[in-house]
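Dear colleague,

I am handing over the structure we spoke about, and below it you will find what came out of looking through it. Please keep it open while you read.

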Amino acid sequence: MRNSGEDKKKRDIKGGLAWVLSYVRPYRHIFIPSLVALFVTAALSLAFPFFLKELIGDPADAWKDGSIDVLATRKKADETILWLVGILAVQAFIAYWRVRGFTRAGEAALNDLRRDLFQHLLKLPMPFFQDQRSGSLSNRISADLGVVRETVLNTLPQAARHSVVLVGSLIAIFVFSWKLSLVMLCSVPVVVLAVAISGRKVRKHSREAQDALAESGMVMEESVQGIADVKAFSNESFEKTRYDRALDRFFDVTLKGANARAAFLSFVIFAMFGTIGGVAWYGSHMLAGGGIDQKDFTGFILFSVFVGASLGTMPEIISQFQAMSGATERLRELMAERSERSGRLSAAKLGGALAFDNVSFRYPSRPDAPVLHELSFIAEPGKRIALVGPSGAGKSTVFSLILGFHEPESGRVLFDESNAADLELAAIRKQIAVVPQEVMLFGGSIRENIEYGRPGASAEDIEAAAKQANAHEFISKLPEGYDTLVGPRGVKLSGGQRQRIAIARAILADPRILLLDEATSALDTESERLVNEALERLMTGRTSLVIAHRLSTVRDADTILVLNHGKLVESGTHDQLIAKQGTYHLLAETQLL
Ligand SMILES: Nc1ncnc2c1ncn2[C@@H]1O[C@H](COP(=O)(O)OP(=O)(O)OP(=O)(O)O)[C@@H](O)[C@H]1O
């Protein structure tokens with residue numbers, strides 16, 4: 001059982017690494033030379049203990065013979081140091097290019113990976129995003145990408161370097177004294193066992209700590225995002241408690257992890273220095289008996305330090321590779337998520353007719369709660385349809401289905417009598433514009449926010465759309481006009497102004513079908529007049545579906561659809577429905593539209 005788990009872990013590391021390296025492949029002309037340079041510099045780094053051994057060992061051995069030639073020994077030392085400095089310079093020179101090459105190839109590959117992920121993310125269907133806790137997805141992706149980056153740029157080169165140093169140093173110590181080497185290597189299994197036992201514990205705790213920290217990050221993000229509600233409800237202390245709890249959990253698991261790590265570290269330090277001490281003791285016995293000369297003994301000790309240092313970094317390298325395998329697994333899962341359907345038939349130009357044919361629907365996250373029940377209606381091209389009904393009746397869900405955010409469970413959504421499921425999703429959406437209730441402008445200029453309706457539109461077209469949307473006047477009065485920055489970090493616009501920008505955006509998009517979620521919040525009379533006038537222009541000649549909250553809107557509608565609990569309970573014109581004295585009449589009376 002355990003073996004198969006270990007096998008899987010190994011396979012995952014291999015699979016994850018292969019996946020990451022597949023992104024490096026296009027940059028192999030930089031990556032491979034950098035890797036070769038890395039091996040060269042790693043091998044050259046062994047020159048340091050080698051020449052150090054000469055510098056220390058030569059004079060000592062010369063004294064031992066009792067016939068030291070001081071001048072010749074000094075001359076040899078001078079030559080040695082020249083060699084050492086020369087090799088260090090070559091090493092430094094190559095290292096400079098290697099670091100640059102690795103960074104270039106690594107960061108370029110990572111950018112490709114980021115691009116691929118983001119592109120894929122944009123194509124994922126709506127339910128995927130609705131199932132995620134806000135903030136967690138992007139947090140997780142950036143944390144995982146951080147781990148992959150650390151692995152590519154640091155751990156991978158480190159692993160290669162330490163492997164070369166380890167193998168080179170091991171060969172060296174065996175050459176100097178195979179007896180001493182065997183004594184030293186006796187301690188290795190003990191250390192490896194300790195690493196294996198405590199490493200697993202440390203990893204488990206570090207994963208828990210990571211999760212706990214992410215949890216606290218999420219609490220902070222949620223509080224900051226909903227800061228207006230936090231303050232309005234005076235819930236600061238509630239949020240503080242929530243944050244404290246998350247931090248306490250993080251602290252607890254971190255301490256547990258620290259216990260395991262501390263025990264592990266003290267043991268390793270004891271074992272490592274104990275071994276070096278033991279070997280030195282054994283070596284000095286050999287030295288005294290003439291079993292080894294001073295130079296070889298010095299070389300042995302120096303190279304042993306290199307063996308120890310390389311071995312010492314291995315657990316860290318392995319755990320980083322394991323972290324990478326976890327991160328790449330999640331990223332690969334994300335890449336394997338199915339994209340939205342693309343549709344077979346092109347919806348080159350919609351005529352504007354829209355119909356629901358016996359559509360039933362429930363959200364995948366709540367399969368027990370039917371939201372729409374056998375809903376049928378027809379919207380003729382250019383007509384105005386008002387959707388009314390109590391909160392939760394399913395009005396916004398109708399919009400989601402039209403936009404293809406979700407698929408009906410049964411029944412069909414039809415555009416010009418073609419089943420939406422067969423049509424190209426992107427093409428359908430291109431011919432639909434949405435004016436939401438609460439308009440969110442993204443960070444950028446007003447011009448860019450309007451241009452979002454039709455990327456690449458000319459300045460004249462943008463201005464013309466703003467004029468039609470009754471937005472030009474207030475925009476022109478802003479100090480920087482169309483270049484005024486709006487959104488989270490820009491100028492704050494009023495609700496009515498934001499709506500008119502959204503209307504300008506929709507006018508620019510020139511859609512066949514318009515989905516309008518009327519604002520419930522009251523605007524002042526002047527602002528309302530300007531918005532209504534703009535909407536009137538926008539709706540003219542287009543099929544419009546309006547989630548209506550104002551009596552004036554429903555009066556002007558060609559058809560009113562009254563929804564209740566996802567069912568169509570009444571439909572007709574305002575006068576017809578009032579005459580019926582049913583649900584609509586009640587809603588109109590109580591002004592619950
Ligand atoms: N993403 C979702 N996942 C699960 N259930 C949802 C989701 N969105 C809406 N619902 C549920 O579907 C039902 C219909 O919601 P919908 O938003 O369509 O109603 P609505 O008529 O637009 O209401 P309102 O006027 O309050 O906006 C509600 O019971 C709601 O709880």
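The ligand is surrounded by 13 residues, of which Y363, S391, K395, S396 and T397 are the closest, where a residue is near a molecule if its C-beta atom, placed from the backbone, lies within 6 Å of it. Please note that this is a predicted model, in which local features need pLDDT of at least 70 and side-chain atom pairs count only at pLDDT 80 or more, while totals for chains, interfaces and linings use all residues. Residues are numbered from 1 along each chain as its sequence is written.

Helix α12 (residues 395-402) gives the largest share of the shell around the ligand, namely three residues; helices (H or I, at least four residues) and strands (E, at least two) are DSSP runs, numbered from the N terminus.

Turning to the strands, four of them form an open sheet in the order β2-β1-β4-β5, with antiparallel pairing, and two strands pair if DSSP finds at least two bridges between them. Because β2 (370-379) and β5 (418-419) stand at the edges with a single partner strand each, one side of each is left without a neighbour in the sheet. Strand β1 (residues 354-362) runs antiparallel to β2 and is joined to it by six bridges, and F361 has L372 in β2 as its bridge partner.

Best wishes
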